[in-house]
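Here are a few notes to read alongside the model, written for someone meeting it for the first time. Please keep the 3D view open and follow the points in order.

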Amino acid sequence: MGKVGVKLAVGCAVAACVVASVMVGRRVRRKRAWRRVVRVLEELEEGCATPVGRLRQVVDAMAVEMHAGLVSEGGSKLKMLLTFVHNLPSGSEKGTYYALDLGGTYFRILRVQLGGQRSAVIGQDVDRRPIPQHLLTGTSEELFDFIASSLKDFVEREENVSERIPSERRELGFTFSFPVKQTSSSSGILIKWTKGFVIEDMVGRDVSECLQQAISKKGLDMRVNVLINDTVGTLAVGHYHDEDTVAAVIIGTGTNACYLERADAIIKCQRLLTMPGDLVVNMEWGNFWSSHLPRTSYDNDLDADSPNPYDQGFEKMISGMYLGDIVRRVILRMSEELDVFGLVSSKLHVPFILRTPLMAAMHEDDTPDFREVAKILRDTLEFSEIPLNVRKLVVRVCDVVTCRAARLAAAGIVGILKKIGRDGSGGIASGKNECASRSEMRRTVVAVEGGLYTNYTLFREYLNEAMTQILGEEIAPNVIIKVMEDGSGIGAALLAASHSTSSVDTVQIP
Ligand code: BGC
């Protein structure tokens, strides 16, 4: 080999060594980065852990806070709002009633015909419309004008003029799913907005009055005769079908619960309560807070960036509005450690771009190569090729976030049962609470509504599993979680009927 040949061979060997060491270096750096990403996951798992011992602490905290909220106004972050609903539908309601359901970015109008027999909704027409984006942050007048116009169109379209008796005024049940301080069963003042609504001039005003004025302005002959929260509608439908229903929970875009409480336990309102028996209390549990809740830096950041910081802490860990965004924040953190996500996509910085239904679809992807995960990450976050191990990692993140949410919701439900002595433990020490011992635990039904529970199988399974773990195998079979379909719509129509002037018998809750 000549001199040139030797030089060439040496040059090639050097180049090969350089390439090899670059590759080795790259592999080592990737390994280290991967380890850092796995560490992010481990920290998330630790931060979100909900062993049964912790859930029991949440149960106790919920029951204690409920008691505090009933003793004095402002006594707890749980508002424990009086609903003035003490007669739930009996099953004998008859006639045609309207319902308006407003609680998210869509609103619904219903016309429900009740046949006068239990479980007898003999007909219904429904109209579902989006609320134009600009109205979510405009004025109350604009919002209610828009709703009243839609209501008028609906009535004109659905009503058979020949069947209508002109002297009969139409009656409407209004489901308004935000925190409202009720002044009667048909009126109440908005305390604050949740779920991203910001219509400043509405806070502190009577929501029924705003709607009634807008309806009258349109020349529509209709009376708002009951104002309820969606949880209360769900309880009404639940109780209508099954008298053992004692509480109702919504787990959808937002989350909340209501339950039947003894009038004498609502200490802060004794002057207002003239009737004995039970009353429905709207807990507004989305605002529940306890140091036992497992909170991570992602929750802190989400809260700080929200339009309502330090507010609705429980809701922000549980409900459909937020779960997808918690996952987005974790993926963003991971992508800062590892370039397998591609260049950190600018889309990943956009709040709420990963909506919870997409997150649920990734979580429930059962294809062997997690094709759906890759597709969602590509279509929504503009990631390019995602390796299989990264897809698995993303699924695990969804699992951790959902599992925590479902288990905390379960703890909240058991907290209510504890407060009313239906968890088999004898309840909390609050005077005359009925104390059911393990052996005499009564059948207890909790009505549940909301897409997170009804459409998201893994969420539902985690919640049900946690209920059994907290209550124990002996007590759990006595507690039945029943899915209610359209409690917020049908429930409002039923309550409009049971509060109607031309009404039928109603059951006073014993
Ligand atoms: C509201 C509640 C409502 C719940 C479910 C929460 O954000 O504050 O009033 O019941 O969402 O819709």
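1. The link from β7 to β8 is a hairpin of 2 residues. Please bear in mind while looking that this is a predicted model.

2. You can follow this pairing residue by residue. S184 has S187 of β8 as its bridge partner. For V180, the bridge partner in β8 is L190.

3. Next, look for the open sheet built from 6 strands. Reading across, the order is β1-β12-β11-β10-β13-β14, and the pairing is mixed. Because β1 (81–82) and β14 (479–483) stand at the edges with a single partner strand each, one side of each has no neighbour in the sheet.

4. Within that order, β11 and β12 are listed side by side. Strand β11 covers residues 255–262 and strand β12 covers residues 278–282; the two run antiparallel, with 5 bridges between them. To find your place there, look for R262, which stands opposite D278 in β12.

5. Now turn to the ligand. Where does the ligand sit? It is found in the largest cavity. Around the ligand are 14 residues, of which T194, N229, D230, E284 and E315 come nearest. Sorted by class, this shell holds 3 nonpolar, 7 polar and 4 charged residues.

6. For N229, a polar side-chain atom lies 2.8 Å from a ligand oxygen. In K195, an N or O atom of the side chain is 2.9 Å from an oxygen atom of the ligand. A polar side-chain atom of N256 lies 3.1 Å from a ligand oxygen. How much of the ligand's accessible area does the protein cover? On its own the ligand has 310 Å² of accessible area, and the protein covers 98% of that.

Technical notes:
Residues are numbered from 1 along each chain as its sequence is written. This is a predicted model: local features need pLDDT of at least 70, side-chain atom pairs count only at pLDDT 80 or more; totals for chains, interfaces and linings use all residues. Side-chain values use heavy atoms; hydrogens and water are left out. A residue is near a molecule or strand if one of its heavy atoms lies within 4 Å of it. A polar contact is a pair of N or O atoms within 3.5 Å; within protein, one must be able to donate a hydrogen and the other to accept it, and residues adjacent in sequence count only if both atoms are side-chain atoms. Accessible areas come from the Shrake-Rupley method with a 1.4 Å probe; for residues, only the protein chains shown count as cover. On a 1 Å grid over the protein atoms alone, a cavity is a set of points where a 1.4 Å probe fits but cannot get out, and a pocket is an open set with protein on both sides within 12 Å along at least five of seven lines; lining residues have an atom within 4 Å of a point. A molecule sits in a cavity or pocket if more than half of its atoms lie within 2 Å of its grid points. Ala, Val, Leu, Ile, Met, Phe, Trp, Tyr, Cys and Pro count as nonpolar, Asp, Glu, Lys and Arg as charged, and the others, Gly among them, as polar. Two strands pair if DSSP finds at least two bridges between them. Helices (H or I, at least four residues) and strands (E, at least two) are DSSP runs, numbered from the N terminus.
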